[in-house]
Amino acid sequence: HVDDAASIDVAATALTSIKEASDARRAYITSTVQQRLHQRRFRERVLDAYRSQCAFCRLRHRELLDAAHIIPDRLAEGVPTIKNGMALCKLHHAAFDSFMIGVRPDYVLRVRQDVLEEEDGPVLLHGLQELDGKRLILPRSEANWPSPEFLDWRYGRFLKAA
């Protein structure tokens, strides 16, 4: 049985009444997740094209990699093709989606200025800031390189967010 909206509201109210205690029961709710039918195939094709490594940092642990869309697939232009995707580790996928990192149409990475100026710790320094001005790690086959037109579209949104 999948919970409906009314059940979710009741469950949320019940959750707020559960007191924090070492012996408190764990509460669960069932949810439905929509996944586009092409997502698994898109992921496999993109990760294979990028030789199972992050296009920003070369991380090679496939279980930590995602196939990131350049133009989001919720938009009509966001086609599920390798040219509209990049293999990114979880950190860099989140940074790309939140416009902390942009990729110019000439495959150069740019980090948002406020992120460059921030002082935090080694993950910020080595994981994000040091990427500024580096080149995207591209698939071997030029036919699988990200579309410069798609990157230009996305980079325009990165600049607006900056």
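These are my notebook entries on one predicted model.

**Ground rules.** I number residues from 1 along each chain as its sequence is written. In this predicted model, local features need pLDDT of at least 70, side-chain atom pairs count only at pLDDT 80 or more, totals for chains, interfaces and linings use all residues, and side-chain values use heavy atoms, with hydrogens and water left out.

**Overall.** I looked up the secondary structure and found 6 helices and 4 strands. Both are DSSP runs numbered from the N terminus: helices are H or I with at least four residues, strands E with at least two. The order from the N terminus is α-α-β-β-α-β-β-α-α-α. Of the 162 residues, 34% count as buried. Buried means under 20% relative accessible area, exposed over 50%, and partly exposed in between (1.4 Å probe, protein chains only).

**Ala55.** I found Ala55 in the loop between α2 (39–49) and β1 (65–69). Ala55 counts as buried because its relative accessibility is 0%. Leaving out residues up to four places away in sequence, Ala55 touches Tyr50, Ala87, Leu88, Leu136 and Ile137. A contact here is heavy atoms within 4.5 Å.

**Salt bridges.** I counted 8. The rule is a side-chain nitrogen of Lys or Arg within 4 Å of a carboxyl oxygen of Asp or Glu. Asp97 and Arg154 form one at 3.4 Å, N to O. Asp97 sits in helix α3 (residues 90–97) and Arg154 in helix α6 (residues 148–161), so the pair ties together parts 57 residues apart in sequence. Arg154 is buried at 6%, while Asp97 is partly exposed at 39%. I also noted a salt-bridge network linking Arg43, Glu44, Asp48 and Arg62.
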